[in-house]
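Opening the notebook on a new model today.

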Amino acid sequence: MTELSIPTPAGAFDATVAGGPPDGRPVLLLHGFPQTRPAWRHQIATLAAHGYRVVAPDQRGYSPGVRPERPEDYRVDILVDDVVAITERLGWTTFDVVGHDWGGAVAWWTADTHPARVRTLTVVSTPHPGALAHALRTDDDQRARSRYMIDWRETPATENEMLAHDAEKLRAFYAGKVPRASAEAYVRHLSRPGALTAALNWYRAGRPERAIGVVDVPTLYVWSTADLAFGPVAARETAQWVKGPYRFETLRGVSHWIPEEAPEPLNRLLLEHLRADG
């Protein structure tokens with residue numbers, strides 16, 4: 001693995017690059033909140049060992065070189081533009097995209113907006129945004145699970161609360177499911193001036209300017225039964241929002257932090273999905 005700075009019109013994204021050769025089949029890994037690109041370390045190692053060219057960037061707000069202050073600069077269309085800018089800079093005309101948590105939402109939107117660029121889509125934990133919207137309208141359980149998205153719009157109260165008492169509440173998000181060293185690295189990263197506000201701006205950016213459509217690329221969706229953020233209604237509904245080849249896999253007893261808590265089953269599913277469309 002090597003570290004890379006990827007210059008774009010928006011600024012420079014910090015990234016981890018592995019595998020090869022440079023013109024090998026490219027895979028882009030998009031992390032979520034409150035993590036950074038090392039959340040994918042197990043997937044990076046496995047994909048690289050199988051010959052894929054893997055790039056995992058710290059996304060907008062997490063990379064210091066791309067950290068605007070305004071919440072509106074974190075709208076989902078801008079986040080998708082970042083994906084396009086990164087991959088164009090890398091010389092990728094098509095690529096496989098893998099996303100978790102907020103990175104999963106960006107991956108869904110990228111596949112919807114730029115289907116000709118996305119060879120395959122893999123989303124971990126995060127249901128299709130249309131399926132989540134349906135669940136929020138119809139399912140009391142999902143509304144309760146998603147209440148935090150409204151609460152976190154308060155600023156700077158949310159940041160102060162998460163970082164108080166040596167970031168006690170921020171550390172609690174990982175719930176012992178993420179290795180201690182990784183959790184501490186995430187806390188250090190998000191404790192730097194402006195970093196946590198930038199990460200929370202993803203929640204404060206407002207609604208997308210348009211509705212997302214049905215995805216028409218080969219898609220793998222991996223959900224886990226102990227996920228506190230996303231319930232079964234949205235997970236099952238996601239199938240209605242994919243018209244291309246679709247595979248839905250459930251990991252039982254696993255929490256929201258699938259890439260770190262259950263790397264082996266996720267890596268197996270990911271490799272099977274890439275090979276099926278490769």
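These are my entries, in the order I looked things up.

**Entry 1, source.** I am working from a predicted model.

I started with β4, residues 53-57, and asked how many of its residues are buried. Five of the five are, so I put this strand down as largely enclosed by the rest of the structure. I then checked the faces: Arg53, Val55 and Pro57 are buried on one side, and Val54 and Ala56 are buried on the other.

**Entry 3, partners of β4.** Next I looked up which strands pair with β4. I found β2 pairing with β4 in the antiparallel sense, over four bridges, with Val17 opposite Val55. I also found β3 (residues 26-30) running parallel to β4, joined to it by three bridges. Val27 has Val54 of β4 as its bridge partner. To get from β3 to β4 the chain goes through helix α1, residues 41-49, and I noted that this β-α-β crossover is right-handed.

I picked Thr16 in β2 (residues 11-18). Is Thr16 buried or exposed? It has a relative accessible area of 8%, under the 20% cut-off, so I count Thr16 as buried. Its side chain makes a polar contact with the side chain of Arg37 at 2.8 Å. Beyond four places in sequence, I listed contacts of Thr16 including Met1, Ile44 and, from β4, Val54, Val55 and Ala56.

Last, I went to α4, residues 129-138, and wrote down its buried residues: Gly130, Ala131, Leu132 and Ala135. What do they pack against? I found α5 (140-145) and α10 (232-237).

Methods
Residues numbered from 1 in each chain as written. Predicted model: local features only at pLDDT ≥ 70, side-chain atom pairs only at ≥ 80, totals over all residues. Heavy atoms only, no water. Buried < 20%, exposed > 50% of the residue type's maximum accessible area, 1.4 Å probe, protein only. Helix = DSSP H or I, 4+ residues; strand = E, 2+ residues; numbered from the N terminus. Contact = heavy atoms within 4.5 Å. Polar contact = N/O pair within 3.5 Å; in protein donor to acceptor, adjacent residues only side chain to side chain. Pairing = 2+ DSSP bridges. Right-handed = clockwise from strand over helix to strand, strands pointing away.
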